[in-house]
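Subject: Structure handover

Hi,

Here is the structure for you to look over. My notes on what I found follow below it.

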Amino acid sequence: MLLSPAILALIGVSAVVTALLLLASVFAVRVLRHWDIRSGSELQLRLERSTYLISTLVTFAIAAEVVALLLFVYNAEGMHTQFVGAMCATGVLNVNAWGWPALLLKIAVFFAGSVWLLLNRLDNQGYDYPLIRLKYGLLLVLLPLVATAAVVQLQYFLNLNPDVITSCCGSLFSPDAQGVAAEVSSVTPRTAMLALYGSGALVFASGAIYLWRRRLATLFAASAAVAFPIAIVAIVSCVALYVYEHPHHHCPFCILKSGHDYIGYWLYLPLFTATALALGVGALAPWRHIESLRTAVAADARRYAAIALAGFVLFYAVATWAIVRSNLTMAGTWW
Amino acid sequence: MSHFLRRQRYLIDFTLASLGRRKGKNLGLLGVYTLIVFLLASVMLFSQSLRREAGLLLENAPEVVVQRMVAGRHDLIPAAYLERIGKVRGVAAKYGRLWGYFYDPAVQANYTLLVPRDQEIKSGEMIVGAGIARTRGLGAGDYLTFRSAQGQSFAFRVADVLASDAELVSADLLLVNEADYRAFFGIAEGMYTDLALEVRNPQEVRKVAEKLSVMLPDTRPILREEILRTYDALFQWRQGIVFVLLAGSLLAFVIFAWDKASGLSAEEKREIGILKAIGWETADVIRMKFWEGALVSLGAFLLGYLAAYVHVFFFDAALFAPVLKGWAVLYPQFRPQPFVDGLQVATLFFFTVFPYTVATVVPIWRAATTDPDAVMR
Amino acid sequence: MIRLNDISKAFNQGQPNEFWAVRDVTLDIEDNRITVLRGPSGSGKTTLLSMIGCLSRPTSGRILLGERNLSGLPERFLTQIRRETFGFIFQRFNLIAGLTVLDNVMLPAYPLAPDHGALVQRATALLEQFGMGSKVASKVEWLSGGEAQRTAICRALLNDPQILIADEPTANLDTRLSQEFMTIIGELKAAGRTLILTSHDPVVSDAPCVDRVITLRDGQVQAD
C-alpha cells in the first residue's frame, strides 16, 4: 500500500466518521428504547439532550464525508503518475476492483446522510418529535453503509501497489498487460444526450408540479434519483468529450482541473446539491399530514424544491453551454 | 441579509468577544495548534517541492537509458550496441553517455563526473556545480587537482560554475570533455557508461523498451517515467513516514484540545448558564461554540501554514531538510519555487482541524446542555 | 393566565438521594398581577418559579400557559416559548463580565437575529428609560448594585415579554434600592405586565403594589 499523507487522512477520516456514527447510534438505541415524550422524568430529559449530540455528530460526520469525497478525487488525480498507464484519476480508480465501488459508496453516504439530516431538521420542528423512532431507525441503517464505505476504501488503498523500479533487473519495467485502462466504458453520445435531456425534462416537470400544486413529491424525488446517474453517465460519455474536445477522453474528473476552467465544479456542485435536496423533498412530503409538522413540511419542502430546481437549471445550463461552445463536432461524425 | 446569516453574525460577534475575554487560555491553544499545523505543513510543502524539483530535472533526461549488466552488475557498454540496436521505430536519437562518480578525500564527498553532449569543454578545463564550488571555495580560473585511476595527478582549470536554479541535483556535478574523462578514469575508446534513447511519443516508450530487452538480452532499459514514478512514490512514502512519526504529537494535541474543551472554568460555565437562562437554546450554544472552534482553527491554520510556507520557501526548511532530502555531505542549497496545492491543503485540514473538532464535539455538547435553571440554584 | 395542576418536581429520581422539591402544587396565576412566592430557603419556591418560567419541566403534573399545555414540551420548544413570553431577573443579576452594558442587554435577542441597528436602538431606548443612558458603553463589572439591577431589568425586558420573573431580586440590595426596585415593579405592572417574584424580604412582600403572596413550605403551598 501507499503511505502518503492524503491516503492516511482518508483512511483516518473514514474510521473516525464510522466511530462517530457508532457513538451516535449508541445514543440513538437508548432513545429508541426509553423515549416517552409525555414523561417529565430526568431520564427523558437526558434522552432529549442526547438528541443534540446525535444531530451534531451526524452533521459533522456528513460534512467530513463531503470534504473527504473531494480529497478522494484529488488524491486519485495526484497519484496517476505512480501507475503505469494511468493518465488521470480514472486510471487510478481502475487500478484495482475496489476503486469505483469506494467512490460510489462515498457518494451514496453523501446522499443518505443529507436526506437524514433534512429529515432530522424537519422532525426537530415538531414539538412532539413525531419522527424520532423513524429517524433513529434510519440512523442504524446509515451506520453500516458508512462502515462498508470505510472498509471498501481501506481495501482499495491496501491493494494499491505502485509500479516502482526495483533493483532486481527482471522486473525493471512493468509489462503493458498490467497497465491500467485510463477510460471508463461509455454509451454512445447520442443515447446519453437523449437520456440526459429526457430525464431533465422529467425533473423540471415534476418539480414544477410540486411547487405549484404541492403534489407528486415522490415523483420529483424519483425523477431526481433517475436523473442523477443519467447525468453522470452523460458527463462521462458525452459532455466531457465536448469539454476536452477529444472524442475518446471519457474522464469525469479531468473537467475539475484548471485547464478546463474548473467547469466540473459548476456541473457537480449544483447536481449533487439539487439531487440531495430533491431526495429530501421526497423524504419530507409524506409527513405533511402530521399535525405538528404541517407548517414545517410546507415551508421546508417548498424551499428545498425551489433550490433543487435552481440547481438542476444551473446544471443543465452549464452542460448545454459546454456542448455548444465546444469546437468538437460529434453529430454526423461520431454518432 | 438573510435571517440565517444575521444569526451567524451575532454568534460570531459574541464568540469573538468571548475569545478576547480569555486571552491567556486561547492564546495557549492557538500556539499549540499553530505549531502542529506548522510542523505538518512544513513536511508537506518541503517534500512536495522536492518531488517537483526532481520532475523538473528529469524533464530533459532521455526517455530510455540502456545499461549493460554483467553478472547482475552494471558494466560499461560497448559502442557497438548502438549499431546492434539499429533502427527501432519511434526512436528519434540514440547516443552513448559517459559519467561516473569520484570520491574526493579532501572534503570526503562524492562528485559526479559527466561528459556533456551539448557543450564543448576545452581540454584540461571543467565546469563545477555550485555545491562543489562552495565547499572547495572555487571560482572561475581556479585549479583543482585530482588523482586519477592510474595514480597520476590531473589538474583541471575551473572554466565556469553551474547556475544554481536546480541545485538539488547539480550541486555535486563536474563537467569535463570526453578525452579527459576517458584518460582520467582509464576507460577505453568505444566504451560508454550507458546508452540513451530519445523517444518522442510516450505511447511508444514501453514498446521500444520491450524490443530492446529482446534485442540486447544482457542489458536493462530504464524508462524516465519509471524513475519519475519511483521518485514520486519515494517522496510520498517519506512524507507518510514523517507523518506517522508526528502522529504522537498529533495525539497529544488532540488530548490537549479535549482537555481545554472539557475543562471549562467556573466562569465559562456560569456564562453558558446565563445564556441559556435568558433564552439561548442548546443548539444556539452549540453553534456559538462551533464558531469558537472554527475561528481558532482558521487562525491556527492560516498562521501555521504561513509560517511553514516561509520556513520552507525562504529558510530552506532548515528543520526538516536532513530527514527528507536524504544523506549527503554536499548539501545542496536549495530554493524551491513557492506554490500551493488543493490536495495538500485538504490533507492538512484532515490532519489538524478535523481531529481538533472531533476532540471538542462531546465536551461542547456537555457544556451546551447545562440546565437552563442552573443560574438560579 | 398560568395554571399549575398537581405539579411535582423530583431531583435524583430513582436514586437513594431522591428528593422532591415541589409536591402537588395547584395554582392559578392571573395576568397583570404581582404575585410573590414567599418561604424559607429550601421551600421549593425557586424550583416552582423555574418551572413556571419554562426553565425546567415538572416531573409530573400539567402547566398551562393560556390554552397551551407546556408540560411534555421538549426543551427546544420550551426555550422558544420562554424567550417570547418571559423575562428573567436573577438574584445575582447574572450579567456577563467583560461585556458592555449594551451588549449584556442585547444578548437575549441574539438567537432571534433581529436587524442589528434596530436592536441597538431598542436596547438603548430601554436603558435610557431606566436612567442608564450614560452607562451604555461601560463594562458591567464597574456598575454599582443599583445600576447592575437596572441593567438586568432592561435585559429582561428586551424581547418585550408579557411575564416578568424575578428570583430574590432584592437579596443583594440595600433597603433604599429595594424600595426603588419595587417602584419599578409597580410601574411595569401598570404598563400591563404580569410579574412573579420569589422573596423572603418583607420590603417585597409588604410592598403596596403586590397583589398576592403565596407562602411555600417543604414544597407545598402553605398559605395563599
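Start with chain A: the centres of its domain 1 and domain 2, taken over C-alpha atoms, are separated by 22 Å. Domain bounds come from an automatic or database domain assignment. For chain A that assignment gives domain 1 as 5-163 and domain 2 as 189-325.

First, the ground rules. This is a predicted model, in which local features need pLDDT of at least 70, side-chain atom pairs count only at pLDDT 80 or more, and totals for chains, interfaces and linings use all residues. Residues are numbered from 1 along each chain as its sequence is written, while chains are lettered from A and ligands numbered from 1 in the order in which they are written.

Chain A

Chain A has nine helices and zero strands. Helices (H or I, at least four residues) and strands (E, at least two) are DSSP runs, numbered from the N terminus. The pattern along the sequence is α-α-α-α-α-α-α-α-α. Chain A has 335 residues, and 47% of them count as buried. Buried means 20 or more other C-beta atoms within 10 Å of the residue's own; exposed means 12 or fewer, partly exposed is in between, and C-beta atoms are placed from the backbone.

The two domains of chain A touch. There, 18 residues of domain 1 are in contact with 17 residues of domain 2. Contact means that the C-beta atoms of two residues, placed from the backbone, lie within 7 Å. On the domain 1 side, helix H2 (42-78), helix H3 (89-93) and helix H4 (99-123) of chain A each give two or more residues. H4(A) gives the most, with six residues. By type, this side of domain 1 of chain A divides into twelve nonpolar, four polar and two charged residues. Here Ala, Val, Leu, Ile, Met, Phe, Trp, Tyr, Cys and Pro count as nonpolar, Asp, Glu, Lys and Arg as charged, and the others, Gly among them, as polar.

Within chain A, take contacts between residues at least 6 apart in sequence: 75% join residues at least 24 apart.

Chain B

Chain B has twelve helices and 13 strands. Its radius of gyration is 30 Å, well over the 21 Å that the globule rule gives for 377 residues, so chain B is more spread out than a compact globule. That radius is taken over C-alpha atoms, and the rule is 2.2 Å times the number of residues to the power 0.38. Along the principal axes, the C-alpha atoms of chain B fill a box of roughly 100 × 45 × 40 Å.

Domain 1 of chain B is 3-58 + 230-376, and domain 2 is 64-222. Their C-alpha centres lie 47 Å apart. Of the 377 residues of chain B, 40% count as buried.

Chain C

Which strands form the open sheet in chain C, and in what order? There are four, in the order E2-E1-E4-E5, with antiparallel pairing. Two strands pair if DSSP finds at least two bridges between them. Strand E2 (19-29) and strand E5 (68-69) of chain C are the edge strands, each pairing on one side only. Strand E1 (residues 2-11) and strand E4 (residues 60-65) of chain C pair over five bridges, in the antiparallel sense. Arg3(C) stands opposite Leu64(C) in E4(C).

Chain C also meets chain B: 23 residues of chain C are in contact with 23 residues of chain B. H2(C) supplies the largest share of the chain C side, five residues. That side of chain C divides into ten nonpolar, seven polar and six charged residues.

Best wishes
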